[in-house]
Amino acid sequence: MDDQALSGGFADTPREAALAFRAALTAMARPGRIEAVAGARPPAPLSVAAGTLLLVLADPATPVHLAGPLDRPEIRDWLRFHTGAPLSDRAGAVFAVGRWADLLPLDAYSLGTPDYPDRSATLIVEMDALDATGARLTGPGIETSHGLSLPEIAAFRANRARFPLGLDFFLTAGERLAALPRSTHVEAV
């Protein structure tokens, strides 16, 4: 383990973790709302937002799958040191992080069971940019509708059709994040 793995966590852990956790909860409760987060300084190419989410959500009981170029020694070491989260394949992951193409196919992740729909995976999708255009979101937590840039529409519509089973998503870019729970209706604009 090198020095880079030992740095890059929160400088003021109680305060920064509380703010980041609040932002993640707000994003999930209000799908499509973009939140700013800060605190983590993960190894590249992991974004600040994705790293911050992992710091507040991952722990020794939540296996994490690193997809594509994010599955590299410095990120694995950083994640293990700061969260204690074990690494996993897609099927065993509670959280998975990567670019959209690297996270596919979505059916490889746990979708929950009828008795325990909460036992599904949450995917953290790294994006180039995140803004309020591209798709129209409606459903719980959204008063009328929200717009959100998504990597595609069909997969999120298919995910919603499985409700109450399915995946939940965080979308991240730089220091920004938004969430898309499985209960959200997604339409092309």
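User: What span should helix H2 have, and how far apart are its end C-alpha atoms?
Analyst: In this predicted model, helix H2 covers residues 13–29, which is 17 residues. At 1.5 Å a residue these should span 24 Å, and the end C-alpha atoms are 24 Å apart, which agrees.

User: Which residues of H2 are buried?
Analyst: The buried residues in H2 are Glu16, Ala20, Ala23, Ala24, Thr26 and Ala27. They lie on the same side of H2, because they cover an arc of only 165° around the axis.

User: And what covers them?
Analyst: The cover over the buried residues of H2 includes strand S1 (35–36), helix H3 (48–57), strand S7 (168–173) and strand S8 (176–180).

User: Which exposed residues are on the face turned away from the buried side?
Analyst: That face of H2 carries Pro14, Arg15 and Arg22.

User: Changing topic, how many salt bridges are there?
Analyst: The count comes to 8 salt bridges. One of them joins Asp128 and Arg99, with the closest N and O atoms 2.7 Å apart. This pair links distant parts of the chain, 29 residues apart: Asp128 is in the loop between strand S4 (122–126) and strand S5 (135–138), and Arg99 is in strand S3 (residues 95–99).

User: Is Asp128 buried or exposed?
Analyst: Asp128 is exposed, at a relative accessible area of 70%, whereas Arg99 is partly exposed at 34%.

User: Which residue does Arg33 meet in a salt bridge?
Analyst: The side chain of Arg33 meets that of Glu35, at 2.9 Å from N to O. Glu35 counts as buried, with 14% relative accessibility, while Arg33 is partly exposed at 37%.

Technical notes:
Residues are numbered from 1 along each chain as its sequence is written. This is a predicted model: local features need pLDDT of at least 70, side-chain atom pairs count only at pLDDT 80 or more; totals for chains, interfaces and linings use all residues. Side-chain values use heavy atoms; hydrogens and water are left out. Helices (H or I, at least four residues) and strands (E, at least two) are DSSP runs, numbered from the N terminus. The expected span of a helix is 1.5 Å times one less than its number of residues. Buried means under 20% relative accessible area, exposed over 50%, partly exposed in between (1.4 Å probe, protein chains only). The arc is that of the directions from the helix axis to the C-beta atoms. Contact means heavy atoms within 4.5 Å. A salt bridge is a side-chain nitrogen of Lys or Arg within 4 Å of a carboxyl oxygen of Asp or Glu.
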